[in-house]
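Here is a short walk through this structure, written to be read with the model open beside you. Settle in and follow along.

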2 protein chains.
Amino acid sequence: MMSSKKDETQSKILEATWKLLESGDYQSVHMAHIAKKAGVSRQAVYLHFKTRAELLNATTRYIDTVKDVDLRFGPTREATEGIDRLEKFISAWVDYIPEIYGVARALIALRDTDEAARDAWDDRLNSLKSGCDKTIKALKKDGELTETLSVSKATDALWALISIHSWEQLVLGCKWSQKQYKDYLIASAKKILVNIKV
Amino acid sequence: MMSSKKDETQSKILEATWKLLESGDYQSVHMAHIAKKAGVSRQAVYLHFKTRAELLNATTRYIDTVKDVDLRFGPTREATEGIDRLEKFISAWVDYIPEIYGVARALIALRDTDEAARDAWDDRLNSLKSGCDKTIKALKKDGELTETLSVSKATDALWALISIHSWEQLVLGCKWSQKQYKDYLIASAKKILVNIKV
DNA sequence: AAGTCAACTTTACACTGTGTAAAGTTTTTA
DNA sequence: TAAAAACTTTACACAGTGTAAAGTTGACTT
């Protein structure tokens, strides 16, 4: 095959980057370290990716492919009842966060200096927001959305509530368990978004 | 006076750092630039602040002094009734955010690449958290804290709820007005944290 | 089987930013 | 007016990004 060697090296670099990002030690995710971990020379990395920003971007795309993101949110879309859907949506998202956190963190870090990284990150945020939108609309349809918030405002509110920053602060910062965080988030989302019935 | 000159130089450095942080160009907040802006040599900066971390830390403290933070939170501390205190605390904090956002954003941006800035930022976060703690304890004292959360968990939750990231996302990102945000935050905090009475 | 080409390695360098060191100058204070 | 403190200048060590260029390897052509 024409470029099997090239593809192989590229994969090794992407895998190495992924592993380093996941390690949580963001300072260690530099070109020399990535190259070493991938078992190639530092210059080989530059042959495949012009800059560090480009490499990190490529890594997020690579991870999405490998993790098959769409598959995870299947149960969410299948839930027909509003509150059930809200719970499943939050649950799926909270489960997904730890898996992408390393990369997310790196992208957030690059966001300010690198336009490409910012676009990549904004893309992800918008896709999450459209998930929020569908969830809120399902609530609304069932007449279970609180009367104090419009669909638009409720979408924004849910989006902010489930942000990675919040997870970072409570799970990583305050040492909440994944379960504690999920339960808290679902309970809070219901209190804030769901209409109280008599 | 023994050290009037020293104090003067120190102030010039702190002012220069502040201005650079506020400029929004986080990349430009490095020692050489700060020195130039302050009109002193780069080494003079190191005479006053051992590391960049220390300087950024000192700058946030300096800003607090100039802005007279304690004064703002006076009404909060004077509120004796739990729920009243919660409202006043959130209100004072939300009013304060826009004033410090420039510096906050810079510190958050620098936090990822720079251990220096992270320490400075963590200091600020911890001081906010202790405010949350007092607020939650006042709620608890009045028997108005929800039974589903411990004091510790409720403190963490309030802290996450009022985070700058959340403000950034909703006010700057989703174009909520300052009033909308404040009202939403107070209403949500009550729903999440306050015991529902019969 | 020899040649070519792409992928990769090695070495070296330019550049930016942090922090240290030391010698020299100015300003303050005693 | 002499000592001490504050500040300047110059120079260096170190880490990380990105560039440049010459050399190596292996696979695919002809």
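## A buried aspartate and its partner

A:Asp156 is buried, at a relative accessible area of 6% (buried means under 20% relative accessible area, exposed over 50%, and partly exposed in between, with a 1.4 Å probe and protein chains only). Its side chain meets that of A:Lys129 in a salt bridge, 3.1 Å from N to O; a salt bridge here is a side-chain nitrogen of Lys or Arg within 4 Å of a carboxyl oxygen of Asp or Glu. A:Asp156 sits in helix 9 (residues 151–161) of chain A and A:Lys129 in helix 8 (residues 115–141) of chain A, so the pair ties together parts that are 27 residues apart in sequence. Helices (H or I, at least four residues) are DSSP runs, numbered from the N terminus. A:Lys129 counts as partly exposed, at 22% relative accessibility.

Before going on, a word on the ground rules. This is a predicted model, in which local features need pLDDT of at least 70 and side-chain atom pairs count only at pLDDT 80 or more, while totals for chains, interfaces and linings use all residues. Residues are numbered from 1 along each chain as its sequence is written, chains are lettered from A and ligands numbered from 1 in the order in which they are written, and side-chain values use heavy atoms, leaving out hydrogens and water.

## A salt bridge found in each chain

A search of the whole structure finds 18 salt bridges over all chains. One of them joins A:Lys182 to A:Asp95, with the closest N and O atoms 3.1 Å apart. A:Lys182 belongs to helix 11 (residues 178–193) of chain A and A:Asp95 to helix 7 (residues 82–111) of chain A, so this pair ties together parts that are 87 residues apart in sequence. A:Lys182 is buried at 16% relative accessibility, whereas A:Asp95 is partly exposed at 38%.

Now look at chain B. The side chains of B:Lys182 and B:Asp95 meet in a salt bridge at 3.1 Å, N to O. B:Lys182 is buried, with a relative accessible area of 18%, and B:Asp95 is partly exposed at 38%.

## Where the two chains meet

In all, 29 residues of chain B are in contact with 27 residues of chain A (contact means heavy atoms within 4.5 Å). B:Asp112, B:Gln169 and B:Lys191 supply 22% of the area that chain B buries against chain A, more than any other three residues. Together the chains bury about 2600 Å², 57% of it on carbon and sulfur atoms; buried area is the accessible area (1.4 Å probe) that two parts lose on being put together, summed over both.

What is the count of salt bridges between chain B and chain A? The count is zero. Helix 9 of chain B gives the most to the side of chain B that touches chain A, with six residues.

## How the copies are related

Technical notes: Helices (H or I, at least four residues) and strands (E, at least two) are DSSP runs, numbered from the N terminus.
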